[in-house]
Amino acid sequence: MNSPYALRVRDLAHRPGEMREHSLDIEVPDAMGAGVIAVREGSTLHLDVKLEGLHEGVLVSGHASAEATGECSRCLIDISEPVEVDFAELFAYDASEDFDFFVHDDHVDCEPVVRDAVVLSLPFQPVCRPDCPGLDPVTGERLADIGERHAPEVLDPRWAALSGFQGAGDDTDDTPTQSPEGDGRTA
């Protein structure tokens, strides 16, 4: 097997109770994740793996850590955040068993297990900080860079024709006026 995730298990195969631990630093051959944030190709992925021989197969469990990079989904600046995941999967000896993974040529390939764990732990909409204000909807500037300013009032074009009536016909004036008869009464 040519995969950097492949581990030899010849000494554990069909030996229940046998255990071995590995610590690996792998250069990621293909990016993990395809969204706004991912563990990029060429990044370093650290694996602490424990292999245990069982009657049905080899139990592979461990911890993976890496650095995911991408951009903030609100303000679009570059971000980086750590990824820490645990995983466990049984690799069966017999392909007729109801398992998803199998021991092939005295090796187990941990890549699909590690990839699934890492990709599922990535945030769907990553942010640079929890209270990121995002971008100004009019200018497109980062609101965190320009500080606090009030957005200009945008008048709905459907109501624009009514702005000409402002003040017209507004007789809310409280000054008394004389009645048209001129008898001194106020209207």
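Select R142 first: at 18% relative accessibility, R142 counts as buried, because the cut-off for buried is under 20%. Keep in mind that this is a predicted model. D145 forms a salt bridge with R142, and their closest N and O atoms are 2.9 Å apart. Is D145 buried or exposed? D145 counts as exposed, at 57% relative accessibility. So this salt bridge joins a buried R142 to an exposed D145.

Side chains of opposite charge can pair when their charged atoms come close.

Go to R129 next. R129 forms a salt bridge with D131. The closest N and O atoms of R129 and D131 are 2.9 Å apart. R129 is partly exposed, with a relative accessible area of 34%. D131 is exposed, at 55% relative accessibility.

Now select R10 and D106. R10 forms a salt bridge with D106, with 3.0 Å between the closest N and O atoms. R10 sits in the loop between β1 (6–8) and β2 (19–27), and D106 in the loop between β7 and β8, so the pair ties together parts that are 96 residues apart in sequence. D106 is partly exposed, at 26% relative accessibility.

**Helix α1**

Select residues 111–121, which make up helix α1. Which residues of α1 are buried? They are E111, V113, V114, A117 and V118. An α-helix has 3.6 residues a turn, so residues three or four places apart point the same way. Next, show the strands that the buried residues of α1 pack against. They are β4 (44–53), β5 (57–71), β6 (78–92), β7 (101–102) and β8 (107–109).

**The cysteines**

A search of the whole structure finds zero disulfides. Select C72 and C75. C72 is in no disulfide, and the nearest cysteine sulfur, that of C75, is 3.7 Å away. A disulfide needs the two sulfur atoms within 2.5 Å. C72 is buried, with a relative accessible area of 0%.

C132 is in no disulfide either; its nearest cysteine sulfur is that of C75, 3.6 Å away. C132 is buried, at 7% relative accessible area.

**A nonpolar patch**

Finish at the surface. Select L155, W159, L162 and F165, which form a nonpolar patch there. Together they have about 470 Å² of accessible area. Zoom in on W159. W159 is found in the segment after α2 (143–146). W159 is exposed, with a relative accessible area of 52%.

Terms used: Residues numbered from 1 in each chain as written. Predicted model: local features only at pLDDT ≥ 70, side-chain atom pairs only at ≥ 80, totals over all residues. Heavy atoms only, no water. Patch = residues over 30% accessible without salt bridge, like charges linked within 9 Å, V, L, I, M, F, W, Y side chains within 5 Å. Areas by Shrake-Rupley, 256 points an atom, 1.4 Å probe, with all protein chains shown as cover. Salt bridge = Lys/Arg side-chain N within 4 Å of Asp/Glu carboxyl O. Helix = DSSP H or I, 4+ residues; strand = E, 2+ residues; numbered from the N terminus. Buried < 20%, exposed > 50% of the residue type's maximum accessible area, 1.4 Å probe, protein only. Contact = heavy atoms within 4.5 Å.
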